[in-house]
Amino acid sequence: MAYDVPQLLKLSQIELDALFTAHEAGPIPEGGADGTAIIAPGTVFSQEIASLINHFAWQGKVFDPTSGTLKNRILAFGLEAIIAKVYKGASWLDGKECIVLDYSETSLVADRIRDEIRLIGPGFYLGKVYLGKERLIDFCLQF
């Protein structure tokens, strides 16, 4: 089944976790991706929250597989900042391979953040965000 952002925003946390665990890591992406934060999944608020975050805080990520890094596109004007190392590793959710976006050695403001992504469709990744070992939110990336 092909997924899109509106469908993901309607899924519950349990459904998002099942979707993530059902897929393989896929290739480490290259280039810019539009991002959508998934907060309060499956509620009437999810779309509104995602829209606010997208307009004012976070628009996506830009991957550079040659350097093994990415930059986040942040603020209303898409400033590229907050660098992460990108590599494949075991997911904290299910222990299977995922693509890890690791900020621990590259960012002072996000040094306790770890993202994990998996390919759920052509050019479409579902992600999990951790603060320390605590799960925070989900997100998706469209290339």
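**Close-up views of a predicted model**

The count comes to 9 salt bridges, a salt bridge being a side-chain nitrogen of Lys or Arg within 4 Å of a carboxyl oxygen of Asp or Glu. This is a predicted model: local features need pLDDT of at least 70, side-chain atom pairs count only at pLDDT 80 or more, and totals for chains, interfaces and linings use all residues. Residues are numbered from 1 along each chain as its sequence is written, and side-chain values use heavy atoms, with hydrogens and water left out.

**View A. Asp17 and Lys128 form a salt bridge.** The N to O distance is 2.6 Å. Asp17 belongs to helix α2 (residues 13–21) and Lys128 to strand β7 (residues 124–131). Helices (H or I, at least four residues) and strands (E, at least two) are DSSP runs, numbered from the N terminus. The pair links distant parts of the chain, 111 residues apart. Asp17 is buried, at 17% relative accessible area. Lys128 is buried too, at 0%. Buried means under 20% relative accessible area, exposed over 50%, and partly exposed in between (1.4 Å probe, protein chains only). Asp17 and Lys128 also belong to a network of salt bridges that includes Arg135 and Asp138. Side chains of opposite charge can pair when their charged atoms come close.

**View B. Glu105 and Lys85 meet in a salt bridge.** Their N to O distance is 2.6 Å. Glu105 sits in the loop between β5 (97–102) and β6, while Lys85 is in strand β4. The two residues are 20 apart in the chain. Glu105 is exposed, with a relative accessible area of 60%. Lys85 is partly exposed, at 34%.

**View C. Arg118 forms a salt bridge with Asp94.** The closest N and O atoms are 2.8 Å apart. Arg118 lies in strand β6 and Asp94 in the loop between β4 and β5, so the pair ties together parts that are 24 residues apart in sequence. Arg118 is buried, with 0% relative accessibility. Asp94 counts as partly exposed, at 27%.

**View D. The largest pocket holds about 330 Å³ of space.** Its lining has 16 residues. Closest to the pocket centre are Trp58, Lys61, Asn72, Ile113 and Asp115. Elements that give two or more residues to the lining are β2 (58–64), β3 (69–74), β6 (113–121) and β8 (134–142). The lining residues divide into 13 nonpolar, 1 polar and 2 charged. Here Ala, Val, Leu, Ile, Met, Phe, Trp, Tyr, Cys and Pro count as nonpolar, Asp, Glu, Lys and Arg as charged, and the others, Gly among them, as polar. A pocket is found on a 1 Å grid over the protein atoms alone, as an open set of points where a 1.4 Å probe fits, with protein on both sides within 12 Å along at least five of seven lines; lining residues have an atom within 4 Å of a point. Grid points are joined across faces, edges and corners, and the volume is the space filled by probe spheres set on the points.

**View E. Leu75, Phe77 and Leu79 make a nonpolar surface patch.** The patch covers about 300 Å². Patch residues have over 30% relative accessible area and no salt bridge, and nonpolar side chains (Val, Leu, Ile, Met, Phe, Trp, Tyr) are joined within 5 Å. Areas come from the Shrake-Rupley method with a 1.4 Å probe. Phe77 lies in the loop between β3 and β4 (79–90). Phe77 is exposed, at 63% relative accessible area. Leu75 is in the loop between β3 and β4. Leu75 is partly exposed, at 35%. Phi of Leu75 is near 65°, a positive value in a residue other than glycine.

**View F. Ala40 has a positive phi, near 55°.** Ala40 is a residue other than glycine. Its place is in the loop between β1 (31–38) and α3 (46–56). Ala40 is partly exposed, at 28% relative accessibility.

**View G. Tyr3 and Tyr125 are 10.0 Å apart in space, C-alpha to C-alpha.** In sequence, 122 residues separate Tyr3 from Tyr125. Tyr3 lies in the segment before α1 (5–10). Tyr3 is partly exposed, at 25% relative accessibility.

**View H. The C-alpha atoms of Leu119 and Phe20 are separated by 8.4 Å.** Along the chain, Leu119 and Phe20 are 99 residues apart. Leu119 is in strand β6. Leu119 is partly exposed, with a relative accessible area of 24%.

Notes:
Patch = residues over 30% accessible without salt bridge, like charges linked within 9 Å, V, L, I, M, F, W, Y side chains within 5 Å.
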